[in-house]
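This report covers the nonpolar core and the salt bridges of one model. The sequence and structure come first.

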Amino acid sequence: YTETLGKRLTRTALRLGTGIRRIREESGFVLEDEQGQAMRFDRLVLATSARDAARLLADVPAAAGLHTVAR
């Protein structure tokens with residue numbers, strides 16, 4: 001479903017199969033990949049398990065309410 005969605009989004013950077021180590025909120029979102037490279041995004045869609053999403057969003061204040069529910 002992510003590939004189909006990506007084909008419809010013409011102004012969107014879609015990164016499939018990218019291992020993300022950390023997400024932080026700084027005028028949007030900064031994602032740090034497994035190699036330590038940072039990528040900046042305006043918006044973020046996580047297509048992963050609730051457990052992994054909760055771990056990745058632990059340092060994102062805007063997601064605090066969602067993080068609490070996922071525990």
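The text below describes the core, then the charged pairs.

The model is predicted: local features need pLDDT of at least 70, side-chain atom pairs count only at pLDDT 80 or more, and totals for chains, interfaces and linings use all residues. Residues are numbered from 1 along each chain as its sequence is written, and side-chain values use heavy atoms, leaving out hydrogens and water.

The largest nonpolar core has 10 residues, including Ile-20, Phe-29, Phe-41 and Leu-57. Such a core is a set of buried Ala, Val, Leu, Ile, Met, Phe, Trp, Tyr and Cys residues joined through side-chain atoms within 4.5 Å. At least two of its residues come from each of strands E1 (20-25), E2 (29-33) and E3 (38-41); strands are DSSP runs (E, at least two residues), numbered from the N terminus.

There are four salt bridges, each a side-chain nitrogen of Lys or Arg within 4 Å of a carboxyl oxygen of Asp or Glu. Three of the pairs are tabulated.

| Pair | N to O distance |
|---|---|
| Arg-21 and Glu-32 | 3.1 Å |
| Asp-59 and Arg-22 | 3.8 Å |
| Glu-26 and Arg-40 | 3.7 Å |

Arg-21 in strand E1 and Glu-32 in strand E2 are 11 residues apart. Glu-32 is buried at 18% relative accessible area, whereas Arg-21 is partly exposed at 44%; buried means under 20%, exposed over 50%, and partly exposed in between (1.4 Å probe, protein chains only). Arg-40 counts as exposed at 53%, and Glu-26 is partly exposed at 34%. A network of salt bridges links Arg-24, Glu-26 and Arg-40.

Definitions and conventions. Helices (H or I, at least four residues) and strands (E, at least two) are DSSP runs, numbered from the N terminus.
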